[in-house]
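Student: Please show me the model, and then we can go through it by question and answer.

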Amino acid sequence: MENTYDYIVVGGGSAGCVLANRLTQSGRSSVCLLEAGGIDSEFKIKIPAAFCKLFKTNIDWNYETEPQEHVNGRKMFWPRGKVLGGCSSINAMIYIRGNKRDYDSWAEAGCTGWSYNDVLVNFKQSEYQPRKPSSHHGSSGYLNVANLQEPNILSHTFVKACEEVGVPRNDDFNGPSHVGAGLYQVTQKDGARHSVANAYLEPALKRNNIQVVVQAQVTKILFEGKKAIGIDYANPYAQSDRKTVFAKKEIILCGGAINSPQLLMLSGIGPEKHLTGLGIQCRHDSPGVGQNLQDHLVAPIAYACTQPVSIGKSDNLYNLARFVLTRRGPFTSNVAEAGAFVSMANRSDVPDFQIHFGPAIFLRHGTVAPKEHGFSVGPTLIYPKSRGELTLRSNNPFDPPAIDPRYFSDKSDLDLMVEAFRFCRTIVDTKAFTPFRGKELYPGPHVVDKPDIEAHIREWVETIYHPVGTCKMGTDPMAVVDPRLRVHGIEGLRVADASIMPSIVGGNTNAPAIMIGEKASEMIRQDAQDFG
Ligand SMILES: Cc1cc2nc3c(=O)[nH]c(=O)nc-3n(C[C@H](O)[C@H](O)[C@H](O)COP(=O)(O)OP(=O)(O)OC[C@H]3O[C@@H](n4cnc5c(N)ncnc54)[C@H](O)[C@@H]3O)c2cc1C
C-alpha cells in the first residue's frame, strides 16, 4: 500500500532525525518521518547568536508551565523547536554528554546496556570531532562538534577566573573528566549552526527509501489489539485535513519530553484514571506516562562591562555581513560560550552544579535588551531533586498539555542554587575580571542575605531548556519503556528521545538525545536483523 512503510518515526528532532537516517541506511527498510513543524529554511536558524530570536515564532511550540508555587506563582516560558531538527534547530548548540555516573546509575537501576561504557560507542558514532583522535571522541560521525570560531575575551577571562578560585581548567568536558571550567564545544560547521536536520536528515534525503512529511502533527496511534499499526496525522494549521499511515514493523515516537507522553496519553496509554476522566479509552494503564518530569534551572547574575568588548551590542549590518561572507565575528557566538562544572568538595568527579557564562547580558531568555556592554554568569542546577508532571488538559491533540515541573518543590534545590549563586559572585570578584568588572546590575550588590538571594532567584530563575524523564525507561511499575525502549504492554511501539531518561544527566541534553537516537536505531536494527 502506498501509505505503508516499515517504520514510522514521529518527530524530526534531535533523536528523530538520527533514526530517520540510520533506519534507511541499509536500504532494506522504508521510513516515513512525520514532523509537526515545517522545513528549516529560516535563515536565522543558521546564525548561532540569533537563537533567542527564534523564540515565540512559528518554529517554536511556545509552551508555558502551570503557575509555579515556589517560583512566585510564575507561569514560565518553555520554548521547544517545531521545525525539522526540533530543538537542535533553536538551541544554544553546547555539546555536552554529562557525567559518566549519570549513565552508570541508569544501568544500576536496571537499564541494562546504558552504562557510560555502553553508550560511549553511540556518542562517538554520532560525532565528527576535528580535534585529534582520542578514545573519547569519534571522527567519522555525521554531527560536527567544533570549537567556537572566535570566543570572546570575556569567556577566556571566565575560565581564568575559575582557575583563580580553584576550579581546574578543563579543555574537554566530554573527555576523561566532566569537572572544571572551559570553553564549550558547539554543534556548528564553519561558524554556522549544524542542526541534527543538517547533520543526519540532509544526507538521508538522497535515499529513495525515506519519506519526510512536514506540517504533519500526529494526533493518534492506531492499534490492532495491543499492537501499534499506524498513526493519524493532520496539518496543525488546517486541522480538518487528516491522514493515516501504517507501519509494517514499528512506530517510534521522537516527539520529545512534552509531546511523546502527550501522544501516548491521547492514544490511550497512560494513567487510567486521568485518561478515562477525559473521555479517552484506556488501552494500557501506564501510571508513569507524563510523570518524573525533570528540568534544569538557571538564575543569571548580570554585570556591566567596563570595556566595549562584549557581544551585547553587536547586532548590526556589519556583523551580519561578516557572518555571511566570512563565517566569523560575534554572530558565530552561541552566547553561552564558556562554562564550568563545579564540585564544591573539589574531590568528586561528579559536579554539584554547572555555570553557564555569556559575554552579554542574558536575562529572561535574552529578551531583556542590554543597554550597555555586560556579561552574565548563570548558576545552573543540574541534579534537581524536584519532580514534576505533565498531564492532558483535554482529549484534543491540538491543546497544549499542562506542564507542571514543580520547580523548587524540594527545598534543597533552592538551597543549592543559593550556594551556586554565591560561588558565581566569587568568580567575578577575581583579579582576572578586574579589567572588565563593572557594576553588578542584576540583582545588584545590595542582595547579600540568604532570604534576599532566594527572593531574587525565585523572581529571575528560568528553564535552561532541558525537560526530560516523562516516558522513563526502566523495569519498575512507573517505567514507560523497557531498556530496549519498547513501550511496556504494547507491541510495535518505542519511544526514543529525551523523555526516556530515568534521571536527568548533569549537563545539556542535546548530545544525550542524539545518543539515544543512535542507540535506539542500533537496537531496532538488531531486533530486525537489518545490518549493513
Ligand atoms: C532554546 C533551547 C536551547 C537549548 N540549548 C541547548 C544546548 O545548548 N545544548 C544542549 O545540549 N541542549 C540544549 N537544549 C536542549 C536540547 O536541544 C534538547 O534536549 C534536545 O534537542 C531534545 O531532543 P528530542 O529529540 O528529545 O526532542 P526535540 O528535538 O524537541 O524533537 C521533537 C520533534 O518532534 C516534533 N513533534 C512533536 N510532537 C509531534 C507530533 N505530535 N507529530 C509530529 N511531530 C511532532 C517537534 O516539532 C520536534 O521537531 C536546548 C533546548 C532549547 C529549546
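**Burial, pockets and chain**

Tutor: Ser521 is buried, because its relative accessible area is 2% (buried means under 20%, exposed over 50%, partly exposed in between, with a 1.4 Å probe and protein chains only). This is a predicted model, in which local features need pLDDT of at least 70 and side-chain atom pairs count only at pLDDT 80 or more, while totals for chains, interfaces and linings use all residues. Residues are numbered from 1 along each chain as its sequence is written, and side-chain values use heavy atoms, with hydrogens and water left out.

Student: In which helix is Ser521 found, and with which residues is Ser521 in contact, leaving aside its neighbours within four places in sequence?
Tutor: Helices are DSSP runs of H or I with at least four residues, strands are runs of E with at least two, and both are numbered from the N terminus. Ser521 is found in helix α11, residues 510–527. Contact means heavy atoms within 4.5 Å. With neighbours within four places set aside, the contacts of Ser521 are Val18, Leu19, Arg22 and Leu23.

Student: How many residues of helix α1 are buried?
Tutor: Helix α1 covers residues 14–22. Its buried residues include Val18, Leu19 and Arg22, which are also among the contacts of Ser521. Helix α1 is largely enclosed by the rest of the structure, because the number of its residues that are buried is 9 of the 9.

Student: Is Thr475 buried or exposed?
Tutor: Thr475 is found in the loop between β26 (462–463) and β27 (493–495). Leaving aside neighbours within four places in sequence, Thr475 is in contact with Ala109, Gly110 and Pro483. Its relative accessibility is 54%, so Thr475 counts as exposed.

Student: How far apart in space are Thr475 and Cys111, C-alpha to C-alpha?
Tutor: In sequence, Thr475 and Cys111 are 364 residues apart. In space, their C-alpha to C-alpha distance is 7.5 Å.

Student: What volume does the largest pocket have, and which residues are closest to its centre?
Tutor: On a 1 Å grid over the protein atoms alone, a pocket is an open set of points with protein on both sides within 12 Å along at least five of seven lines, a cavity is a set where a 1.4 Å probe fits but cannot get out, and lining residues have an atom within 4 Å of a point. Grid points are joined across faces, edges and corners, and a volume is the space filled by probe spheres set on the points. For the largest pocket this volume is about 460 Å³. Of its 22 lining residues, the closest to the centre are Ala49, Cys52, Lys53, Gly312 and Asp315.

Student: How does the lining of the largest pocket divide by class?
Tutor: Ala, Val, Leu, Ile, Met, Phe, Trp, Tyr, Cys and Pro count as nonpolar, Asp, Glu, Lys and Arg as charged, and the others, Gly among them, as polar. The lining of the largest pocket has 14 nonpolar, 4 polar and 4 charged residues.

Student: Which strand gives the largest share of the lining of the second largest pocket?
Tutor: The second largest pocket has a volume of about 260 Å³. Its lining has 17 residues, with Lys220, Leu266, Ser267, Gly268 and Ile280 nearest the centre. By class, these lining residues are 7 nonpolar, 6 polar and 4 charged. The largest share, 5 residues, comes from residues 217–224, strand β13.

Student: Where is Gln215, and what is its phi?
Tutor: Gln215 lies in the loop between β12 (210–213) and β13. At 35% relative accessibility, Gln215 counts as partly exposed. Although Gln215 is not a glycine, its phi is positive, about 50°.

Student: Which peptide bond is cis, with omega near 0°?
Tutor: Pro443 is placed in the loop between β25 and α10 (450–460). The cis bond runs from Tyr442 to Pro443.

Student: What radius of gyration does the protein chain have?
Tutor: The radius is taken over C-alpha atoms, and the globule rule is 2.2 Å times the number of residues to the power 0.38. For 532 residues a compact globule would have a value near 24 Å, so the chain agrees with it at 22 Å.

Student: What percentage of the residues of the protein chain count as buried?
Tutor: The secondary structure of the chain comes to 11 helices and 27 strands. Of its 532 residues, the buried share is 62%.
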